[in-house]
Amino acid sequence: MRVKLIAIVVAGLFAQGAYADENFVWGGSVEAGGRGANIDGANRNGAYGTTTPLTWIPFKGPEDAAKAQEYQDINSAPIGVIDIRGASRNYYLYGYGEEFGRDDQWINVQGGQFGAWKAALYNNNIPHNLSFGALTPLQNSGTTFQPNPGGVYPPAGNPNGWNPFNYSTQRNTWGGNFEVSAKSPWYFKADYNEVQQTGTKYGGGSLGTGSGNGLIELGMPVDYKTQNTTLEGGYNSKQYGFKIAFLDSKFSDGNSSVSWTNFYMRDGLDMSPLPPDNDYKKWSLSGYWKQLPWDSAIIARFSQAKLTNNVGLTSLAYTSSLKPTGNTPTGQAQPPGVGYLFTQPYDAGSGSNISSFSGDIKTTTASVAWNSNPLAALDMKVFYNYYDKENNS
């Protein structure tokens with residue numbers, strides 16, 4: 001339904017112009033078929049041990065076929081391709097789509113008036129399959145609450161009783177752009193896209209309070225959204241031109257932290273923070289001047305970017321990394337003798353904890369270059385680059 005709606009809207013933009021232009025010619029192709037795939041993977045084998053006496057027991061792990069389809073959905077399913085093209089002396093409209101309804105779907109519809117304006121709508125889906133059938137002693141991997149199912153650490157010391165999950169993320173991008181020049185050297189361009197990424201990625205946490213206890217690997221939940229807006233305008237000719245552009249990129253995470261059982265803290269719940277929301281803005285100005293003496297040209301560029309965020313440090317994920325009191329998973333006894341391990345930043349000057357963190361990083365760049373070719377066998381270049389990064393967090 002969404003694909004059909006895009007096609008109808010874009011086609012409507014060209015209805016009046018195409019009707020007035022009797023030479024508008026259509027063409028294209030539609031392909032339909034099916035794919036049969038048999039994917040075999042290798043077993044992730046290992047061993048587990050007992051302490052009394054110390055012995056190692058071979059372990060045959062699950063089959064992992066993720067590498068064969070790391071960035072593409074090649075499972076057995078119906079497949080199809082739609083390629084539609086139409087053009088006349090003044091207008092054109094192209095539409096292409098493939099892998100409809102699959103993890104690697106691609107749709108692109110574009111059209112416009114030659115030399116005057118153009119527009120496009122697009123969708124690009126890309127999977128990233130890292131590992132299938134990964135094992136963890138925790139429950140609910142890939143969520144914000146990952147408790148211990150009970151028993152000693154590791155649970156029974158045998159990965160046959162552990163829980164499988166997939167290290168896999170899905171990245172879906174929807175967007176569109178528009179550019180107008182009105183058959184002149186002046187132009188304006190606007191682009192907006194929204195990138196959504198969901199799934200499970202790898203992370204980790206420290207067991208206990210000392211390095212001797214090692215680390216545990218965690219399946220961290222991914223629920224990211226990035227909204228990108230780009231505005232650009234300028235002037236282009238054979239001799240000189242300039243461009244001014246603005247980018248606004250907003251990142252948001254649907255989750256703030258992950259709770260997980262820390263086996264070396266008497267099975268108390270530990271917390272790990274996840275990537276915080278942030279905002280990135282960038283201005284840039286660039287230009288060129290050609291056809292100068294000695295067949296030379298001058299190119300210059302200036303940009304300034306700012307990355308900001310604001311993270312409250314009063315949540316449990318930042319104030320203490322271990323919180324068993326009143327926060328014990330259902331069915332597990334309250335671990336005795338374990339209190340709070342405070343990790344919130346402390347300001348010695350004011351004698352109080354820091355309640356928030358304000359990120360503020362500004363980056364400024366500038367460059368100018370003079371290129372010339374005074375002789376057939378001689379090229380000359382003089383350039384200057386400037387880079388400054390301020391961390392005002």
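A polar contact is a pair of N or O atoms within 3.5 Å; within protein, one of the two must be able to donate a hydrogen and the other to accept it. In this predicted model, such a pair is found at T136, where a polar atom of the side chain lies 3.2 Å from the backbone nitrogen of L138. T136 itself belongs to strand β9, which covers residues 117–136. Its relative accessibility is 5%, and because buried means under 20%, T136 counts as buried. Leaving aside residues up to four places away in sequence, T136 touches S141, W162, N163 and F165.

The largest nonpolar core has 9 residues in all: L138, L207, I216, L218, M220, V258, W260, F263 and L274. Strands β13 (215–236) and β15 (257–262) each supply at least two residues of this core, and β13 gives the most, with 3 residues. In soluble globular proteins, nonpolar side chains tend to be buried together.

W186, F242, I244, W283, L285 and F302 make a nonpolar surface patch of about 630 Å². Strands β14 (240–253) and β17 (278–292) give two or more residues each to the patch, while W186 has its place in strand β12, residues 186–206.

Charged side chains pair up as well, with a count of 12 salt bridges. One of them joins K67 and E70 at 2.9 Å, N to O; here K67 is exposed at 67% relative accessible area, whereas E70 is buried at 15%. Another links D83 with R85, with the closest N and O atoms 3.5 Å apart. D83 is buried at 18%, and R85 is partly exposed at 45%. In a further salt bridge, between D360 and K306, the closest N and O atoms are 3.8 Å apart. D360 lies in strand β23 and K306 in strand β18, so this pair ties together parts that are 54 residues apart in sequence. D360 is buried, with a relative accessible area of 19%, and K306 is partly exposed, at 38%. Salt bridges that share partners also join R35, D73, E99 and R102 into one network.

Finally, the chain as a whole can be described. The protein chain has 2 helices and 24 strands, and 34% of its 393 residues count as buried. Among contacts with a separation of 6 or more, 61% are between residues 24 or more positions apart.

Definitions and conventions
Residues are numbered from 1 along each chain as its sequence is written. This is a predicted model: local features need pLDDT of at least 70, side-chain atom pairs count only at pLDDT 80 or more; totals for chains, interfaces and linings use all residues. Side-chain values use heavy atoms; hydrogens and water are left out. Patches are made of residues with over 30% relative accessible area and no salt bridge: like charges are joined within 9 Å, nonpolar side chains (Val, Leu, Ile, Met, Phe, Trp, Tyr) within 5 Å. Accessible areas come from the Shrake-Rupley method with a 1.4 Å probe; for residues, only the protein chains shown count as cover. A salt bridge is a side-chain nitrogen of Lys or Arg within 4 Å of a carboxyl oxygen of Asp or Glu. Helices (H or I, at least four residues) and strands (E, at least two) are DSSP runs, numbered from the N terminus. Buried means under 20% relative accessible area, exposed over 50%, partly exposed in between (1.4 Å probe, protein chains only). Contact means heavy atoms within 4.5 Å. A nonpolar core is a set of buried Ala, Val, Leu, Ile, Met, Phe, Trp, Tyr and Cys residues joined through side-chain atoms within 4.5 Å.
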